[in-house]
Amino acid sequence: MMPLYLARNTQRAISALLAVFITVLAASAVMAEEQKTLKGVALVIGQSKYAHITPLPNPANDAREMSKLLTDLGFDGRAVTDRDAGKLSRDLERFVEDAEGADIAFLYYSGHGIEAGGDNYLVPVNADEASLGNAGVELVSLTAVVDKLKATVPVVIVLLDACRTNPFPATAQLKATPESPALPVTVSGLGAPRGAAVVENAAPATENLGTVIGYAAEPGRPALDGAEGGNSPYAAALLRHLSAMKGAELGSVMRMVTEEVYLSTETRQRPWVNESLRRLLYLGVAPDEPEGEDGLITGERRQLLLTIADLPSLERGQVETISKDKGVPISALYGVLSALGVKDMPKDPEALEKLLKMQAETIKRMMAERESLNVDDPEIKKLAEAAHRAIQQGAIATARQFLDDAVKRVEATAGAVDAAEEAVKNKRLADAAIYVRRAEAASLASDYLAAAKDYAKAFSLVEKWDEKLKWNYKNLEAEALNAQGDEKADNDALRQSIAAYEQLLSFIPNGEKNADWAKTRNNMGVAYLNLNERVCDRKLLEEAAQIFRGSLEVLTRQSDPVNWAAAQNNYANALIALGQRESNTFNLEAAVAAQRAVLEIRNRDKLPTEWADSQFNLGIALSALGGRESGDARLLEAVGAYRAAFVVIAREKDPLRWGNLQNSLGNTLSTLATRKNDMAMLKEAEKTLRLALEVRTRERVPLKWGNSLNGLSEVTYNIGQRSGTATTEMEEAAKGFRDALVEVTRERSAVNWATIQNNLASSLLVIGMRKQDVAMIEEAAVLFPGPIEVFKRDCSPQDWAMTRVNFGNAQQALGKIKDDPAKLTAAIALYNEAAEEFTRERDPITWAGVQAMLGSTLEALASRGGGLDMYKQSIAAKQASLSVYTKENSGLEWAEAQLNLGNSLAMVGNFEKGTESYDLALIAFNASMEVFTRDTNALKWGLAQNGIGDVYWGYGTRRQDRKAFEESITRFEMAKGALNQAGMASMAGLVDNKIKIISDTLAGMK
């Protein structure tokens, strides 16, 4: 068998009481259980002026503003600052007393805090290192305060902006009393509550509805103090979003605060909340919030924060990395995802990464162009500035609304600018800039068609006035259309993009091949590649390759090495795509050379990610090339390139790239292992592909999951090929192929579907042959025509030919099992068609496989009346396969060909007077047993012994040689035992009949 082909509400007056809605938590829609006015008390503490340890500039500011906000919210509160140990303890004792009879107690602390032995302590301003020796008196235990509050107050809220770096020496230790054991002080602020519970104490005297403790940063992590004279990031977020309590429950508000700090600190700090509330908590009265532009921005910002809170870590990691790499505000990049919506967000991480990188460039361009925006209308300028603030805050929809209003004003005033030519020019340029702003905002929301339309409008406004802007806007229109085509599978948009690039090229005077020409052609080539992925048109690939070659003539390695490397990389990818669809290896060789040249520019130390990507691409090219060659050198080079990329690409930092690398490595190891008949390497390939599947999951990337499952199932298939007559591994492989086809459908990915369908049919064919199950072989034969319909010779000749080989295998099997020469003849025709593409010069290994299958079919046809000449044709085909196959490069296939060659030679020997063919057959049978041992493959070993028995029988008959007859019986006995061991009782019976015949012959000899 051939190897598989891998293919805000009403205003209310503020009182000293707090209007609170406490709602029962339910699995269905949440309904108000009770609504009443409850009493809330608050204590706000700000510790800035530390005498002996690092002072903090902002806690006093934080405390002042937090106290005002809580008072506005209806709490009866007080604020204290810079308290020593005695005063701080008395403040907290008084607060506990004031809280008795209240419904909610709210404690906010800003200052130093430490943790030791699982207990958290607030640090007074007079504390020094000596205070650690009697912490129960010199510091203030937070746990003790919360225990007392919880015993008398239904709801306790404690917010701690105290996770700053430990102000004491790193080796400092703490004793609760001078006699207590010393405990190490953590290096970074407060820790999580002990035992994952906020408080553990005796049953409270009142019904306790729960406790919330919020930390400015994750436990054990330092928090930022903020710019001096302002607020800490945590306090700033609380001040901005606690007012949202009028419309959102406390949990949602705290999630807003968490994500606000995360964004405002550029991911350096993320708050943490430990909550045990048994009710949903809403604060119904709040101070006035911002109105007008800032109000709209804040409203969308809050929705964005809640959206971010629900994002999985993979998307967060991608946004964080791209934001840092591209130097754009992380809020704006998250706003892109929010504007896109969960439904339309790319599920494939590669597609999401591509989208985010493109949108990051749009954000970067908008930020850079802001200063050059020349608008003479104050209202339009105001709206444009508001849109800029909105995008920085991630409020993309609000930004679009502002720009819609700006465009309306542009259009309303357009008729008044025709008085003077210069005024017209300035007006048109200014108006075009507004259309461009709206287009950029549309792009951030992935509305690329709207963006392209606005860029086209901007182009029409500046076409007669400004050559540079004319070029720029047409280029942006082409880019938007390309994005629409690539992300939305819109072929018309891709063709429009190519047409826009062609128009752009016509702007270059006298057809000059300058840098603009090269970059434009390069972008157009990418559009051709994107279109080819949809329609599989070889001419598009050839055009793309030609375009990239032309770009390289201008973007030279000496004058512009970075852009040269990018163009060279694109060129190499085009060559790989071409080479994978050709029978010759010319373009694959060129792709390898091109990627090696890129790696001379992409230095690992300066451009690690790009370097690793080029190593990956080099591995792909080498693997494709190595698959065509009889030696292992290219495949081993590919493995080395993939493993080099792993030095940079780690699972923790970039799981998608890591998974893709594991997948490609596993597939290449599988090819190598199959050639070498190396079971240990097959197991390594299996392990590697399972690692890929841990990242390329069905839920996250269904198509990639399907392709990885296909690779894993192929490994299982190849293991099954070495299991003799057993079908366990083959059946497991067939199930894997069937599972993969649930996601990889013909409608979603026709080429990959055809590859997996082909593999499924091949596995069913092997199972059917081993079980002699005609129905299963016929099912396999029915499945092969589907891939044949997909793989067209003019688009993908290699795939076209391979499906014919596999379909020929099915026809051959049916011909043998049904004794049908017509099906054998059909198989020969299919093999001969495949051989038109799989020539020895272009793909020796596959050519050898085709010759082996052809020889086997000719032998079967010869035994059904084809005669001696057809047996000789069979021998010629098998010997041709063995001129390429070696024990080292294709162990199993070599041994199978030797076994089959022996069979044909033995048959020819029966026609001859001499023993030359018998002698050659004996050599072939013994060679096959160098691979097929009785322990590893009892069936094949037994067949070889049977063949040897036939040869000695022939010797005996020719020479009337008793010793030859006796050796024949010995070989048949070994064959019979092995065939019974393999579960082939009927074949063993036929061998037993031979033994009886020869025994009778011996008995008749004198």
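Contact, as I use the word today, means heavy atoms within 4.5 Å. The structure under discussion is a predicted model.

Helix α11 spans residues 378-392, 15 residues in total. From its first C-alpha to its last, α11 reaches 21 Å, close to the 21 Å expected at 1.5 Å a residue. Which residues of α11 are buried? They are I380, L383, A384, A386, A387, H388, A390 and I391. Among the elements that cover these buried residues are α7 (292-309), α9 (330-340) and α10 (349-369). The cover also includes α12 (396-413) and α13 (421-444).

After α11 comes G394, which has a positive phi, near 80°.

I now move to the strands, starting with β5, residues 104-110. Seven of the seven residues in β5 are buried. On one side of the strand these are I104, F106, Y108 and S110, and on the other A105, L107 and Y109, so that both faces of β5 are covered. How many bridges join β3 to β5? There are seven, and β3, residues 40-46, runs parallel to β5. Within this pairing, I45 has Y109 of β5 as its bridge partner. Strand β9, residues 155-161, likewise pairs with β5 in the parallel sense, over seven bridges. Here L107 stands opposite V158 in β9.

Elsewhere, three strands form an open sheet in the order β6-β7-β8, with antiparallel pairing. The edges are taken by β6 (113-116) and β8 (140-141); each has a single partner strand, so one side of each is left without a neighbour in the sheet. Strand β7, residues 119-122, is joined to β8 by two bridges. In that pairing, Y121 has S141 of β8 as its bridge partner.

A search of the whole structure returns 10 aromatic pairs. One of them is formed by Y918 and Y955: the ring centres are 5.9 Å apart and the planes stand at 85°, so the pair is edge-to-face. This pair links distant parts of the chain, 37 residues apart, with Y918 in helix α34 (residues 916-928) and Y955 in helix α35 (residues 938-959). Are these two tyrosines buried or exposed? The cut-off for buried is under 20% relative accessible area. Y918 counts as buried because its relative accessibility is 3%, and Y955 counts as buried because its value is 6%.

A second pair consists of W953 and F972, whose ring centres lie 6.2 Å apart with planes at 90°, so this pair is also edge-to-face. It too joins distant parts of the chain: W953 belongs to helix α35 and F972 to helix α36 (residues 962-981), 19 residues apart. W953 is partly exposed, at 22% relative accessibility, whereas F972 is buried, at 0%.

Lastly, I note two places where a charged residue lies over a ring. The charged end of K474 sits over the ring of F459, at 4.4 Å from the centre of that ring. R604 lies over the face of W611, 5.6 Å from the ring centre.

Note on methods: Residues are numbered from 1 along each chain as its sequence is written. This is a predicted model: local features need pLDDT of at least 70, side-chain atom pairs count only at pLDDT 80 or more; totals for chains, interfaces and linings use all residues. Side-chain values use heavy atoms; hydrogens and water are left out. Helices (H or I, at least four residues) and strands (E, at least two) are DSSP runs, numbered from the N terminus. The expected span of a helix is 1.5 Å times one less than its number of residues. Buried means under 20% relative accessible area, exposed over 50%, partly exposed in between (1.4 Å probe, protein chains only). Rings of Phe, Tyr and Trp (its six-membered ring) pair if their centres lie within 6.5 Å; planes under 30 degrees apart count as stacked, over 60 as edge-to-face and the rest as tilted. A charge sits over a ring if NZ of Lys or CZ of Arg is within 6 Å of the ring centre and within 35 degrees of the ring normal. Two strands pair if DSSP finds at least two bridges between them.
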